[in-house]
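Visitor: Could you walk me through this structure, please?
Guide: Gladly; have a look first.

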Amino acid sequence: MDDLFSPRRRLNSTQGEIRVGPSHQAKLPELQPFPSPGGQVVTENEELVWMPGVNDCDLLMYLRAARSMAAFAGMCDGGSTEDGCLAASRDDTTLNALNTLHESNYDAGKALQRLVKKPVPRLIEKCWSEEEVKRFIKGLRQYGKNFFRIRKELLPNKETVSLTSFNKAFSH
């Protein structure tokens, strides 16, 4: 027979029904806004960065145009077609296009005009030469996704993290 304080008895006493209903709800105090250092009341800490309601077809057309502009910019300055495709397929290219659309109050024409000046976000830099891209592709064919071996055998001047990031962007 179990005594009153045995672990088995305590475990059984905690297993029960789920309590639902108004009598089992927590009562929370009203939100009190924090005063800012200037004495003004601050209630918003976040900024709206996407307003739903943009027509899906228009959005897709805008994103295609933005990616085309990024691809063209990636091919400029002596870049190859692969450089352009890589720039166009990057997630940060799409994010840059969406942020530009938001900053342009969802006016696709204005957003595209802004993208003409800066189609590729600052984070995308051309840091792979054409020869390095060829060696990377050769490494994928020879070693699969063994990025440590690709680095060791073919691209010793690149970090393994750089190879995995490039593979992710390259495979999109």
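Predicted model: local features only at pLDDT ≥ 70, side-chain atom pairs only at ≥ 80, totals over all residues.

Guide: Residues are numbered from 1 along each chain as its sequence is written, and side-chain values use heavy atoms, with hydrogens and water left out.

Visitor: Which residues are buried in helix 6?
Guide: Helices here are DSSP runs of H or I with at least four residues, numbered from the N terminus, and buried means under 20% relative accessible area, exposed over 50% and partly exposed in between (1.4 Å probe, protein chains only). Helix 6 covers residues 130–143, and its face turned away from the buried side carries the exposed Lys-134 and Arg-141. The buried residues in helix 6 are Glu-132, Val-133, Phe-136 and Gly-139.

Visitor: Within what arc do the buried residues of helix 6 fall?
Guide: The buried residues of helix 6 are Glu-132, Val-133, Phe-136 and Gly-139. The arc is taken from the directions between the helix axis and the C-beta atoms. Seen down the axis, these residues line one face of helix 6, because they fall within an arc of 120 degrees.

Visitor: How many salt bridges does the structure hold?
Guide: A salt bridge is a side-chain nitrogen of Lys or Arg within 4 Å of a carboxyl oxygen of Asp or Glu. One of them joins Arg-135 to Glu-131 (3.8 Å, N to O), and both of these residues lie in helix 6, 4 residues apart. The number of salt bridges is 3.

Visitor: How many residues apart in sequence are the parts tied together by Lys-158 and Glu-132?
Guide: The side chains of Lys-158 and Glu-132 meet in a salt bridge at 3.6 Å, N to O. Lys-158 lies in the loop between helix 7 and helix 8, and Glu-132 in helix 6, so the pair ties together parts whose separation in sequence is 26 residues.

Visitor: Which backbone oxygen does the side chain of Arg-151 reach?
Guide: Arg-151 sits in helix 7 (residues 147–153) and counts as partly exposed because its relative accessibility is 25%. Its contacts (heavy atoms within 4.5 Å) beyond four places in sequence are Pro-156, Lys-158, Glu-159, Thr-160 and Leu-163. At 2.5 Å, the side chain of Arg-151 reaches the backbone oxygen of Lys-158.

Notes: Helix = DSSP H or I, 4+ residues; strand = E, 2+ residues; numbered from the N terminus. Polar contact = N/O pair within 3.5 Å; in protein donor to acceptor, adjacent residues only side chain to side chain. Expected span 1.5 Å × (residues − 1).
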